[in-house]
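Trainee: Could we go through this structure together, one question at a time?
Mentor: Gladly; have a look, and then ask away.

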Amino acid sequence: MSQQLFLNGINADTGGPMDGEDVVITTEMIAKVARGQKLTPEDLRDAKMRKALDDQKHEHFGVAEGIDDTNLAETGWSVIFPAALPQKSVDALKEALKPLLDLRREQASAQNETFYKEVIGPELGVKNGESKNDFLKRFGRGPGPADPVKFPYYALIVGSPETIPYTFQYQLDVQYAVGRIYFDRLEDYYQYAQSVVAAETGKIKRAKKAAFFGVANPDDKATQMSAKYLINPLATEMKNQYKDWKVDVVAPEKATKATLASYMGGKETPSLLFTASHGMNFKPGDPRLLRHTGAILTQDWPGPKARVPIKEDLYFSADDIASDADVFGMIAFIFACYGGGIPKMDNFYRQAFGSQKEIAPYAFISQLPLKLLAHPRGGALGVFAHVERAWGSSIQWEGVQDDVETFDSTVDALLNGKPAGAATEYFNERYAEISTMLTEELDNTTPENQDDTKIAGMWTSNNDARNYAFIGDPAVRLAVGETETPKPEREKLGAIVSQAPAAVSGAAASFQPDVEDRTPAAQAATSGGAAVNYGLGDLLKKPESAASTDSAPTAGSGLNESLKNFVEKLGNYLSKALDDATSLEVSTYVADDLNTVKYENGRYSGARLRAMTRINIDGDTLVCIPEKDGEVDTALWNIHLEMVKSAQENRAELMKTIVGAAASITSLVK
Amino acid sequence: MMPIFETTETSDPLGLWASAPQPESVHFGIGDEAPPPPPDVPVFRVNLPGNTRSADQVFENSETWFKQVNAALNHVPNRLESLVSQMQARQAAGNAVSFDVTSLQNEPGPESDLLRLLEDVSKNEPVSFSVGDEFGAVREPISQAWQNAKAQFDALLAQINREVLHFVWVETKINGQMIARSEVEWNGDATTLWVETASEEQKSLHHRTLNVAARSRNLKLRLFVTVASGAAKVTTLMAAGMPMLALPAVYQYVVSILRQVKQLQTVS
């Protein structure tokens, strides 16, 4: 029997599932996808090898036997650039990252100079479209555990996911500890590098404090599941095991945007933050796509049944990180669709429906983690987050609901001082195991004998495990101590972080971050909705310099105030009307004894609902037809239909007039 | 005699609905009393005669009225354009004071009232011209005429706020008996309660009541649009910072024109 699956993504326009009203994702569909997406023989060999090693030993994962994965002198460290990146950009990046590269060189080459590698230029860098195996061949490596003599275990990719694809990162991550950074601004690289160095050299330490932020939106199975079966057990386990840590658990009813702000840079900011929620998803052309994809949908959202378009006050995005946010030294784990980033093409659709579906102008890293990492007052050290869809099945394996061992082990490893790249190996282990099982299941059975539910469960769990990516240097670890660096000292250090040397600031203006300049593509892709501004209220805002005079009464304040109130209301109305008018509902009640009828909360009680029509903006129509003595009550139905028609016409006319009103006010104040 | 079109609003600038106090209770049937609408919710009620032909006539008259009001509002921009051109021509000809009352003798009523009010405004220098101060730092005229105009314009804004941006109740009575009531949301959603015994003909009449209420609501907003556009037009005659102050003056002007239309209708 086919089952519906739940995933952690919400479409901003509809307030409904990101795949649309008409698309219900079932196990049958996933199984179809899975059948078409077996591993390549090389990747399967790699996964199998990884699984065999995992079965043999539990202390060390991707790295070869006998190597301490917490010691860079034994594991090595590399930085990887795209092969085609212009030399000028490479030089600028190396200059901006110099504090970090110098530190890692010192650490990784302490015993063997070759354990530090800069993978740069047309010969060594990652070529467009090449597989991880082709890449490793250049260094004498094939599948198997990392051997730092050939290629270091820790690998920092410096490049966009468009130039060095996510799939490359996932596959390399199977045996290596991989992280990625990619910023548009050269100064951001410098700020991140300085922040990591400050943490790694013990200049900045945060208190031993963790926070678990679990959203559970009304009527939403995905977040209710993650709050109950992920956040709760993780937090409980941590409280029990780590008595020297302060553990904050933010209950769903308090998991609002305002609360999250206090944990993401505000006064409650911990050293380790774990969030579980939906991630925001936008249609191509939406001006918010590049800025807010993967933003955290908070408890403020009334849930899928409300069917309200989601505006910025319901989610926490990069724009909500305050300029004076105190995130210096923090590590975050964001469990949400697109929390880490998004590919250009939707793989699921291509596999399921045989056609390409473009979901972004190009693959990119979500802005929220990037803003945390490059904060000018001192950046976060890294963010572990999901690329593409996050599936609820990763915490529900074959009906065993409390299956969060992978998450738990990762948190444990981080708390025990492991570098992030090594701590997250549990996900790679899970990926290797499940992908091997999935491939074998598909190879050993024929489609007609396959259990769709089982295959779908494997596929989604496999994707979940595979698509977690570490954004940041994979060698960073929690910067905690018994004594926290006092806030004034943190602020002082944070201020230094943004003081880029002349060599960096001088090159910043002409810096081209990627192989291609994608600015025009982004503009074209998001120009669809950008031109319309219905924020009439903004017209009334005074410049900051004039704000101080607000309290001074003027003779004209009477008219001005009433007009201002009116315009603000009109502006709010317009926004609401254009956002919320997704459906029109006309209801018809009748009653014999009308004196008993009461009107409460938009409904008549004590009367019979005889006909109802709900027309969605996409054309879907729901009708309840009145009956009388077992037959359709034609008379009532006819008048009901007339009223529906009038309601449609009146709304159209009203909207037109209101837009006219907005335009006329604009012409007055411009 | 009970007015045919009545509303709990204090006035109707369009002149169709007569003001009636908000009832404490509404009769749905003989001797029956139903709960009153929620406080502050505008009620629009049409009291129809029992004779179907007469009831039809009521709605036909309202249709005529809508056409006339729309035509008058359509004509406002041209009239204002013409006035502005004349005033600019006078300025160009060397008349120093653009709103000199003595120069208005040949203008028709609404135009001359408008210019008087604009003259009141022009006598008051703005306190500040800085960007963003449009709503915050201008000095209003103190003449009684201007203060009256301002109070009426404020009332219009308040009315639109209530009627357009919230929900209203629309009721139809036939021969004094309520046959239906609809709660109409700002977005057009409607919930209608019918008396079970209402005939098809009576239902059709309530449908027409709903249309009149919806069109009136929309027309009130259109009135605002006309006033705002008109204020922008006459701004060319005024100093910077003044457009907001022109709104009450232009509103008075448009209302005067509508009054003329109503008078013409009454005469005909």
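Trainee: Let me start with a pairing: which residue in S5(A) is the bridge partner of A:Val158?
Mentor: One word on the source before that: this is a predicted model, in which local features need pLDDT of at least 70, side-chain atom pairs count only at pLDDT 80 or more, and totals for chains, interfaces and linings use all residues. Residues are numbered from 1 along each chain as its sequence is written, while chains are lettered from A and ligands numbered from 1 in the order in which they are written. Strand S4 (residues 154-158) of chain A runs parallel to strand S5 (residues 177-181) of chain A, and 5 bridges join them; strands are DSSP runs of E with at least two residues, helices are runs of H or I with at least four, both numbered from the N terminus, and two strands pair if DSSP finds at least two bridges between them. Across this pair, the partner of A:Val158 is A:Ile181.

Trainee: Which strands are at the edges of the sheet that holds them?
Mentor: The sheet is open and mixed, with 10 strands of chain A in the order S3-S2-S4-S5-S16-S15-S12-S8-S6-S7. From one strand to the next the twist averages 20°. An edge strand pairs on one side only, and here the edges are S3 (116-119) and S7 (246-250) of chain A.

Trainee: What is the handedness of the β-α-β unit that ends on S7(A)?
Mentor: S6 (residues 209-214) of chain A pairs with S7(A) in the parallel sense over 5 bridges, and A:Phe212 has A:Val249 in S7(A) as its bridge partner. Helix H10 (residues 221-241) of chain A is the helix of the unit. A crossover is called right-handed if, with the strands pointing away from the viewer, the path from the first strand over the helix to the second runs clockwise. The unit of S6(A), H10 and S7(A) is right-handed.

Trainee: Turning to helices, are H15(A) and H17(A) roughly parallel or roughly antiparallel?
Mentor: H15 (residues 405-415) and H17 (residues 425-444) of chain A pack with their axes 8 Å apart, at an angle of about 150°. Axes are lines fitted to C-alpha atoms, for helices over the stretch in contact, and angles run from 0 to 180 degrees between N-to-C directions. Angles under 35 degrees count as roughly parallel, over 145 as roughly antiparallel, 65 to 115 as roughly perpendicular and the rest as oblique. H15(A) and H17(A) are therefore roughly antiparallel.

Trainee: Which residues of H17(A) make that contact?
Mentor: Two residues are in contact if their C-beta atoms, placed from the backbone, lie within 7 Å. From H15(A) come A:Thr406, A:Ser409 and A:Thr410, and from H17(A) come A:Tyr426, A:Phe427 and A:Arg430.

Trainee: Is A:Val327 buried or exposed?
Mentor: A:Val327 lies in the loop between S11 (315-316) and S12 (331-335) of chain A, and among the residues it touches are A:Met264, A:Leu372 and A:His375. A residue is buried if 20 or more other C-beta atoms lie within 10 Å of its own, exposed if 12 or fewer, and partly exposed in between, with C-beta atoms placed from the backbone. Because A:Val327 has 27 other C-beta atoms within 10 Å, it is buried.

Trainee: Which is exposed and which is buried, B:Asn175 or A:Tyr338?
Mentor: Most residues other than glycine have a negative phi. Yet phi is positive in A:Tyr338, at about 60°, and in B:Asn175, near 55°. B:Asn175 lies in the loop between S6 (168-174) and S7 (177-184) of chain B, and A:Tyr338 in the loop between S12 and S13 (341-342) of chain A. With 11 other C-beta atoms within 10 Å the exposed one is B:Asn175, and with 31 C-beta neighbours inside 10 Å the buried one is A:Tyr338.

Terms used. Lists of a residue's contacts leave out its neighbours within four places in sequence.
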